[in-house]
Structures are given as structure tokens and as C-alpha cells.
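Please read the following note alongside the sequence and the model. It is written for a reader who is new to protein structure.

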Amino acid sequence: MEQQSKAPQDVRNVVNFLRSSSAGMKIRVGVLNGKRVDYFKGKGAVKALLSPAYAKLKNVPKVADEAEAQQLLLTIIPFAFFLRVERGAPSGTSSGSPKQLQITQMQTFVASDYYAWFYEGSQWTTYLGGVAMVAIMLAGVMFPLWPPIMRLGVWYLSIGVLGLIGLFFALAVVRLIFYIITVIVASPGIWVFPKLFADVGFVESFIPLWEWDLPKKKSKKRRAEKGKDASGSVSPVPSARIEEVQDSESSRPASRTAARVEEVPDED
């Protein structure tokens, strides 16, 4: 846009920060004039300008409190990097569909309102990714023209990768066999590298070396689910809570206890 090209460098730096992942703003997706656009809530931008990440930036206006943050965001609106919008009903049949957005006539900054982005941010990563993709495709097409030493190196590299994959599958089979053996001779069984398939880092996948296959403890409330009536048929009964109480006033020994049953309503 023409207005965006007229923005001073310090304002552009603020916008680049807000558009990046460093700001930590929650980005939503809406539909504006039939096109999908990103939008955010005003208080998210205010919070980003008051964050330590913004305080570390250079060549940007300093922000000390929420009032200064809102004033700075208000001065950015005339450059049309983002505009105030009203959010309407979902664009599709489901409630999770992107919301319909409409640009409002009064362009001001209110922390509780929504603002649609009309700026994609820095494009150098996109350009770099495109150049890398083209380079990889050209390298693959021109593989017969590579020097023999480079082709030999690629062959060794591919063999090494295949070897690592085969080693991983062999380790999975061996640990399963070892677990089956230990279940028979040393129940409940031992897992070698128990976190091998867990969602952890590469090093954490091999720590600890082994572990007993103990079931995870789950806390459950004691409930009476079914009972028998006088005719012997099974009928549902209300949930009960059993508490042991001391019979201090009777002549029974202190070790003996009496049970008191209190009916409590079923939980939803």
C-alpha cells in the first residue's frame, strides 16, 4: 500500500516486531471481503509492546505503560499496516469456521477491539526458502554431472542414513523380545529405553536405560454401582461414601470401628 511506504523506519520496526513470532500475539484467521486475513485483539498488541522482547529492540519508540502503548498503536493506524474491524458470525456452517470481518468507519485504537493485518511482514525468509528449493531441484537434476567424489559422498551418506533407520528398527525389535522374556521370568517386565517412542528429545529418548513396566496409579472414588433388591434382581443405587469412625462412647475396644454410610448425589 502507498500509506505503508510512507511510514518512518521506527514505526516500520514496531510493525515488524508485532508481525513476528517474538511478539507472542495470538493471531486469528478471519474472512474479509471473501479473503482470509490474519487479525488480532488490541490488548494482545499492548501486551507485546510492554514485553521484555520489545524493550530490547533498538530504533523503536520507548513504551513505559499501557497508555503510551495505545498511543503508539494509534499513530500506526494511518499507515494502514492494520485496520480496526468488527467481528461477525462464522463464515461457514460450523461454529469453528473463520469469523466474518468488516472494516469500521471509525479508525481508532481500543484495546478490546479487533484489528486485521494488511502487512505480511519481512519476506526475506520466503525468498531464501524459494532460492534453496530451486537450488535443491537443480542439484538433483544435474546429479549425473557431479564430480565422482561428490557422487561417492552422497552414496556413503545415503548408506549411513539407511543404516541408522535399520538400527532403530532392530533396537525396537530387540527391546520388545527382551520385554516379553522379562514378563515371563521377572514380572511385570522390563523395558529397555522406555522413552524410545516418547515425544522427547533425541538424548532423552535413551534416558533412563531401563525401567520396570509398572502401571500408572489412577485415583478413583469408591462408588457402589449396583445393588440387589429384595427379589434378587439387580437395580442401580445411589453413590455412597463410606467413612470409618471411632466408637468412642461404647464399650468396644478402640481397635474396632463402625462404618457409617452417607448418601451423596451423583456427580454429573
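The points below concern strand pairing, aromatic rings and a surface patch.

1. The model is predicted. The comments below should be read with that in mind.

2. Strand β3 (residues 82–90) pairs with two other strands. With strand β5 (residues 114–117) it runs antiparallel, joined by 4 bridges; here Phe82 has Trp117 as its bridge partner. With strand β4 (residues 99–103) the pairing is also antiparallel, over 4 bridges, and Glu86 stands opposite Gln102 of β4.

3. A pair of aromatic rings is described by the distance of the centres and the angle of the planes. In the whole structure, 17 aromatic pairs are found. One of them joins Tyr39 and Tyr114: the ring centres are 5.7 Å apart and the planes meet at 75 degrees, so this pair is edge-to-face. Because Tyr39 belongs to strand β2 (residues 35–41) and Tyr114 to strand β5, the pair ties together parts 75 residues apart in sequence. Both residues, Tyr39 and Tyr114, are buried.

4. Tyr179 and Trp191 form a stacked pair, with 4.1 Å from centre to centre and 5 degrees between the planes. Tyr179 lies in helix α7 and Trp191 in strand β6 (residues 190–192), 12 residues apart. Tyr179 counts as buried because its relative accessibility is 17%, under the 20% limit. Trp191, at 22%, counts as partly exposed.

5. Ring pairs also link Phe40, Phe82, Phe109, Tyr115 and Trp117 into a cluster.

6. A nonpolar surface patch has about 1,200 Å² of accessible area in total; its residues include Trp155, Leu162 and Phe197. Leu162 lies in helix α7 (residues 148–185) and is exposed, at 57% relative accessible area.

Methods:
Residues numbered from 1 in each chain as written. Predicted model: local features only at pLDDT ≥ 70, side-chain atom pairs only at ≥ 80, totals over all residues. Heavy atoms only, no water. Patch = residues over 30% accessible without salt bridge, like charges linked within 9 Å, V, L, I, M, F, W, Y side chains within 5 Å. Areas by Shrake-Rupley, 256 points an atom, 1.4 Å probe, with all protein chains shown as cover. Salt bridge = Lys/Arg side-chain N within 4 Å of Asp/Glu carboxyl O. Buried < 20%, exposed > 50% of the residue type's maximum accessible area, 1.4 Å probe, protein only. Pairing = 2+ DSSP bridges. Phe/Tyr/Trp six-rings, centres within 6.5 Å; stacked < 30°, edge-to-face > 60°.
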